[in-house]
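Visitor: I am new to this structure. Please take me through one part of it closely, and then show me how the rest is laid out around that part.

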Amino acid sequence: AHGNNVLGYGPQLYISENQGGSWTRLNIDPTPALADYFHMPWSLKADPQRPNNLLMTAIIGSRAITTDEYVRSTDNGDTWQRVNLADQIGRPVFNLGQLGFDPHNSDVVYAAGNNDILKSTDNGLTWSVVLSDTSAWLGGPIAVEPVPPYRVYVGRLVSSDEGQSWD
């Protein structure tokens, strides 16, 4: 986003601000939010309007299947904050692997796991479930149209009303 390329590999993340000409390692290992058993990023997204804001789903600890948490940074990866999704929605989210910002309002973020699509309206601080279906896999890639009607696409599903209903 805005010229930043981000590459994740194992427990390390690197950022380039010049289209890959040079890379800087992001501060993960000494960060208390990630230091205990951080394994591998699944999805790392930069806020399209505030590129220093990063959201990342990751395997944290031995929880490769249940993703109760994800992490966010507001300082380009220098520090990270854990956000516990299970506490917010009252149950675990399985394989939360996709994130997507609304390009016209980056306070709105969507996340998808095996059976859930979540939405945040405060740049990833708090979340609510907008679709849950234990009989279907909902964890596909996320895209939001940058022009009206701002349809939200998650895998094979589409919402024309900001996630209130899905087809």
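Guide: Start at Proline 149, which sits in the loop between E14 and E15. This is a predicted model, so every value here is computed from predicted atoms. The peptide bond leading from proline 148 into proline 149 is cis, and its omega is near 15°.

Tyrosine 150 belongs to the loop between E14 and E15 as well. Its phi is positive, near 55°, and tyrosine is not glycine. Is tyrosine 150 buried or partly exposed? Tyrosine 150 is partly exposed, with a relative accessible area of 23%. The cut-off for buried is under 20%.

Now look at the strands on either side of that loop. E14 and strand E15 (residues 152-154) run antiparallel and are joined by 3 bridges. Within this pair, isoleucine 142 stands opposite valine 154 of E15. The two strands belong to an open sheet of 3 strands, ordered E14-E15-E16, with antiparallel pairing. Strand E14 (142-144) and strand E16 (157-159) are the edges. Each has a single partner strand, so one side of each has no neighbour in the sheet. From one strand to the next, the twist averages 15°.

Glutamine 98 is part of strand E10. With a relative accessible area of 24%, glutamine 98 is partly exposed. What does glutamine 98 touch, leaving out residues up to four places away in sequence? Its contacts are Ser43, Tyr110, Ala111, Ala112, Gly139, Gly140, Pro141 and Ile142.

Follow glutamine 98 into its own sheet. Its bridge partner in E11 is alanine 112. E10 and strand E11 (residues 109-112) run antiparallel, with 4 bridges joining them. They are part of an open sheet of 4 strands in the order E10-E11-E12-E13, paired antiparallel. Strand E10 (98-101) and strand E13 (128-132) are its edge strands, and each pairs on one side only. Neighbouring strands of this sheet are turned against each other by 20° on average, ignoring direction.

Asparagine 123 lies in the loop between strand E12 (116-120) and E13. Asparagine 123 has a positive phi of about 60°, though it is not a glycine. Asparagine 123 is buried, at a relative accessible area of 3%.

Next comes the interior. In soluble globular proteins, nonpolar side chains tend to be buried together. The largest nonpolar core here has 13 residues. Which of them touch the most other members? They are Tyr70, Leu85, Leu96, Leu118 and Trp127. Helix H1 (85-89), E10 and E11 each supply at least two residues of this core. Another core lies apart from it, with 12 residues that include Ala112, Val144, Val152 and Trp166.

Setting aside neighbours within four places in sequence, tryptophan 127 is in contact with Tyr70, Val83, Leu85, Gln88, Ile89, Leu99, Val109, Tyr110, Ala111, Leu118, Lys119 and Ser120.

Tyr70 takes us to strand E7. Why is strand E7 (residues 69-73) largely enclosed by the rest of the structure? It is because 5 of its 5 residues are buried. Glu69, Val71 and Ser73 point one way from E7, while Tyr70 and Arg72 point the other way. E7 pairs with strand E8 (residues 81-84) in the antiparallel sense, over 4 bridges. Valine 71 has arginine 82 as its bridge partner in E8.

Finally, step back to the whole chain. It has 1 helix and 16 strands. Of its 167 residues, 44% count as buried. Among contacts with a separation of 6 or more, 41% join residues 24 or more positions apart. The chain exposes about 8000 Å², of which carbon and sulfur atoms supply 51%.

Key: Residues numbered from 1 in each chain as written. Predicted model: local features only at pLDDT ≥ 70, side-chain atom pairs only at ≥ 80, totals over all residues. Heavy atoms only, no water. Buried < 20%, exposed > 50% of the residue type's maximum accessible area, 1.4 Å probe, protein only. Pairing = 2+ DSSP bridges. Axes fitted to C-alpha atoms, helices over the stretch in contact; angles between N-to-C directions. Core = buried A, V, L, I, M, F, W, Y, C linked by side-chain atoms within 4.5 Å. Contact = heavy atoms within 4.5 Å. Areas by Shrake-Rupley, 256 points an atom, 1.4 Å probe, with all protein chains shown as cover.
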